[in-house]
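Trainee: I'd like to go through this model with you. Can we take it topic by topic?

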Amino acid sequence: MSIYKPFCDQYILMHHIDVSMEAEIYGANNRLAEHNAEHFKEHGVRAFDLLGAIGSGKTSLIEQLVPELQKRGLVTAAIAGDVYGDDDFQRIVKTGIQAYNANTGKECHLDAHLVHHALDHMNLDGVNVVFIENVGNMVCPTDFKLGAEKRIVVISTTEGDDVVNKHPMMFRDCNIAVINKVDLAEAVGCNVERMIADIKRYNPEMVIIKTVLKKGEGVSEVADAILA
């Protein structure tokens, strides 16, 4: 007991410090996220945060939504978040829209400060919609709000039909779920209905859209959902 109790006291103290620091980090981020939201509002911009794993289809969704929104008379811009490199950024640039590449270095998510920095390098005059493509990760980004009005999580059948059940917080915190690559479901042994059931279990109000982004299927429905 004489050995265990000091260890316990030390652990409790360290845990209290960790919780306090975590709360302050989130608090500071959320205050800056609110500032970003006001910045978007002042420019008449609607901002949407895209989350999901690497290869789920986040960049493909932006590539497909740009011409879809152009047909509706809307001007789009994007922030491409990645740990390193500019692969997604270059793909987005090829659509002809204004874009900014935000590298996080060692961090596994974007935060409100990085988005704020990106906005310093963008001209939002005349822009209607900004997509913020988060780092490919199903865990870290959930805790960091960026100032977007809606969060869209993109998952794919190639991730397995248990992907939702393994990442409940992602689905509790988002507004729209895009299930991509549904044409490959049978080939990879994925039960799409199970994915839908899991989403509804964690977030009954979530809008769910099935897509085949390579073929442009479901893109119009996604545009309707985000603009609703």
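Mentor: What follows covers disulfides, aromatic contacts and pockets. This is a predicted model, in which local features need pLDDT of at least 70 and side-chain atom pairs count only at pLDDT 80 or more, while totals for chains, interfaces and linings use all residues. Residues are numbered from 1 along each chain as its sequence is written, and side-chain values use heavy atoms, with hydrogens and water left out.

Trainee: How many disulfides does the structure hold?

Mentor: The structure holds 1 disulfide, a disulfide being a pair of cysteine sulfur atoms within 2.5 Å. Cys 108 is joined to Cys 140, with an S to S distance of 2.3 Å.

Trainee: Which hand is that disulfide, and why?

Mentor: The disulfide is left-handed, because the torsion about the S-S bond of Cys 108 and Cys 140 is about -90°. The pair links distant parts of the chain, 32 residues apart: Cys 108 is in the loop between β3 (98–103) and α4 (112–119), and Cys 140 is in the loop between β4 (129–133) and β5. Helices (H or I, at least four residues) and strands (E, at least two) are DSSP runs, numbered from the N terminus.

Trainee: Switching topic. How many aromatic pairs are there?

Mentor: The count comes to 2 aromatic pairs. Rings of Phe, Tyr and Trp (its six-membered ring) pair if their centres lie within 6.5 Å; planes under 30 degrees apart count as stacked, over 60 as edge-to-face and the rest as tilted. Tyr 26 and Phe 144 are edge-to-face, 5.4 Å centre to centre with 75° between the planes. Tyr 26 lies in helix α1 and Phe 144 in the loop between β4 and β5, so the pair ties together parts that are 118 residues apart in sequence.

Trainee: What about Phe 48 and Phe 131?

Mentor: Their ring centres are 6.1 Å apart and the planes are at 40°, so the pair of Phe 48 and Phe 131 is tilted. Both Phe 48 and Phe 131 are buried.

Trainee: Now pockets. What is the volume of the largest pocket?

Mentor: The volume of the largest pocket is about 290 Å³. Its lining has 21 residues, of which Ile 54, Gly 55, Ser 56, Thr 59 and Asp 88 lie nearest its centre. A pocket is an open set of points on a 1 Å grid over the protein atoms alone where a 1.4 Å probe fits, with protein on both sides within 12 Å along at least five of seven lines; lining residues have an atom within 4 Å of a point. Grid points are joined across faces, edges and corners, and a volume is the space filled by probe spheres set on the points.

Trainee: Which element gives the most to that lining?

Mentor: α2 gives the most to the lining of the largest pocket, with 3 residues.

Trainee: And the second largest pocket, what is its volume?

Mentor: The second largest pocket has a volume of about 190 Å³. Its largest share of lining, 4 residues, comes from α1.

How values were computed. Buried means under 20% relative accessible area, exposed over 50%, partly exposed in between (1.4 Å probe, protein chains only).
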